[in-house]
Amino acid sequence: MTMGNTGGRRKPPTIHDVAREAGVSRGTVSRVLNGGHYVSPAAAEAVNAAIRRTGYVVNRHARSLITGRSDSVGFLLTEPQERFFEDPNFNVLLRGCTQALAAHDIPLLLMLAGTDDERRRITRYITAGHVDGVLLVSSHSGDPVAEELRAAGVPLVACGKPIGLGSKVSYVAADDRDGARDMVRHLLGLGRRRIGVVTGPLDTPGGVERLAGYREVLAEAGVEEDERLIVSGDYSRASGEAAAERLLAQAPDVDAVFVASDLMAQGVLAALQRAGRRVPEDVAVGGFDDSPAAVAVSPALTTIRQPWDRISAEMVRVLLAQIGGEDTAAVILPTELVKRASA
C-alpha cells in the first residue's frame with residue numbers, strides 16, 4: 001500500500017531526480033557537484049537549475065567517501081577561551097571567514113585550543129582528516145601547532161606571519177609595522193615628544209612589528225629612545241590597565257601613548273582617568289585595530305584600522321587555493337589611520 005503525503009515524510013530528491021530534471025546523465029551531475037571538470041557550460045547550468053528546482057541537497061558524507069575530503073574547514077584559535085569572548089577582533093574575523101566560506105557552501109568549525117592538552121587533541125583531530133584545511137589565528141612563537149600541521153601536509157593559512165616559519169606557511173596579515181609608523185607620526189605631529197608604547201605580546205608577529213614601527217619613527221624624528229616608555233601587555237583590557245600604571249610610575253612626564261590594541265587602550269584610558277590625566281589634553285592615546293572597542297569608550301579612540309573583511313576573505317581564498325593544490329602564499333594588506341577624539 002502506498003502511503004499518502006499526509007501520513008508520511010516526502011522522500012528527499014536524489015541525484016537521479018536532478019539528472020532526470022536536467023536531461024543529463026547521473027555522471028554529469030556528479031561531475032558538476034565535484035567541481036564541474038569536463039562539463040560544458042550549458043550542461044552545468046542545466047544541472048544547477050535542476051538542483052534549484054528539485055531542492056536537492058548534497059550528501060556531504062557520501063561525497064567525502066568518494067573525494068577523500070570532509071568539505072569543511074577549521075578556524076583554530078590558540079588562545080584561552082575567555083580571550084575569544086573578550087576580544088572583539090576574533091569574532092569579527094570568525095564572522096568574515098564564515099561568510100566567505102558560505103559562498104562556497106563550506107561550513108566552518110570553531111576550535112579553541114588554549115592549553116597544551118587542547119592543542120594536542122585538536123592537532124590529532126585535524127591530522128586525522130576531519131577538516132580539509134585550517135585558518136589559524138593568534139600563533140605565538142614556540143607554539144608547535146603551525147609546524148605540526150605543516151609537517152602533516154594539512155593546508156594552513158595563518159592570520160599574521162607565524163614567527164620562525166617564514167615562507168613555509170601561508171599567511172594573511174595587515175601591515176602592522178607601517179600602521180604603527182602612521183600612528184607614531186600622528187602623535188609626533190600633535191607636538192608630543194614623550195611617547196610611550198604598550199606593546200602586544202612579543203612572541204607574536206603583531207607585537208614585534210608594531211614595536212618595531214614605533215622605534216623606527218622615533219629614530220627618524222631624532223627622538224632618543226627611553227626604555228622607561230616601553231611596557232608590554234597581552235592584548236587584554238586588564239593588561240592595558242596594568243601597563244599604563246607601570247608607565248605612569250616609570251615615566252610620569254609621558255604625554256602620549258601608542259597602544260598596540262584597542263582593547264588594551266580601553267584599560268589605558270581607565271588608568272589615566274583614575275590618575276587624573278585628561279585625554280587628549282594631558283596624554284594623547286592611539287590604539288590599533290579599529291575594533292568595536294574603539295568607539296565603546298570616551299573619548300572615542302584614534303586608532304589604526306585593520307581591514308578585517310579583506311583579511312578574512314583573503315585567508316579563505318588562499319586556503320581554498322592551497323586545498324586545490326596551489327603553493328603557499330603571503331598577503332600583506334594596508335592599514336589606515338582613523339582620527340577620533342583621543343589623539
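# Close-up views of a predicted model

**View A. A salt bridge of arginine 194 is shown.** Arginine 194 counts as partly exposed, at 21% relative accessibility; here buried means under 20% relative accessible area, exposed over 50%, and partly exposed in between (1.4 Å probe, protein chains only). The model is predicted, so local features need pLDDT of at least 70 and side-chain atom pairs count only at pLDDT 80 or more, while totals for chains, interfaces and linings use all residues. Residues are numbered from 1 along each chain as its sequence is written, and side-chain values use heavy atoms, with hydrogens and water left out. The partner of arginine 194 is aspartate 253, and the closest N and O atoms of this salt bridge are 2.9 Å apart. This pair links distant parts of the chain, 59 residues apart: aspartate 253 is in the loop between H11 and strand S8 (256-259), and arginine 194 is in the loop between H9 and S6. A salt bridge is a side-chain nitrogen of Lys or Arg within 4 Å of a carboxyl oxygen of Asp or Glu. Helices (H or I, at least four residues) and strands (E, at least two) are DSSP runs, numbered from the N terminus. Aspartate 253 is partly exposed as well, with a relative accessible area of 44%.

**View B. Aspartate 17 and arginine 20 form a salt bridge.** Side chains of opposite charge can pair when their charged atoms come close. In this pair the closest N and O atoms are 2.6 Å apart. The two residues are three positions apart in helix H1 (residues 15-22), and therefore about one helical turn separates them. Aspartate 17 is partly exposed, with a relative accessible area of 23%, whereas arginine 20 is exposed, with a value of 61%. The structure holds 26 salt bridges.

View C. Two packed helices are described by the angle between their axes and the distance between the axes. Angles under 35 degrees count as roughly parallel, over 145 as roughly antiparallel, 65 to 115 as roughly perpendicular, and the rest as oblique. Axes are lines fitted to C-alpha atoms, for helices over the stretch in contact, and angles run from 0 to 180 degrees between N-to-C directions. The crossing of H9 and H10 is right-handed; a crossing is right-handed if the near helix is turned clockwise from the far one by less than a right angle, and left-handed if anticlockwise. Arginine 177 and glutamate 209 form a salt bridge whose closest N and O atoms are 3.0 Å apart. A network of salt bridges links Arg177, Asp178, Arg181, Glu209 and Glu216.

**View D. Ile163, Leu202 and Val208 form a nonpolar surface patch.** Together these residues have about 230 Å² of accessible area, calculated by the Shrake-Rupley method with a 1.4 Å probe; for residues, only the protein chains shown count as cover. Patches are made of residues with over 30% relative accessible area and no salt bridge; like charges are joined within 9 Å, and nonpolar side chains (Val, Leu, Ile, Met, Phe, Trp, Tyr) within 5 Å. Leucine 202 sits in the loop between strand S6 (195-199) and H10 and is partly exposed, at 47% relative accessible area. Valine 208 belongs to helix H10 (residues 205-220) and is also partly exposed, at 34%.

**View E. Helices H11 and H12 cross.** The axes of H11 (residues 237-250) and H12 (residues 262-274) come within 6 Å and cross at roughly 45 degrees. The two helices are therefore oblique to each other, and their crossing is right-handed.

**View F. Two cis peptide bonds are shown, each ending at a proline.** Proline 280 is in the loop between H12 and strand S9 (284-286). The peptide bond from serine 298 to proline 299 is cis too, with omega near 0 degrees. Proline 299 lies in the loop between S9 and strand S10 (303-305).
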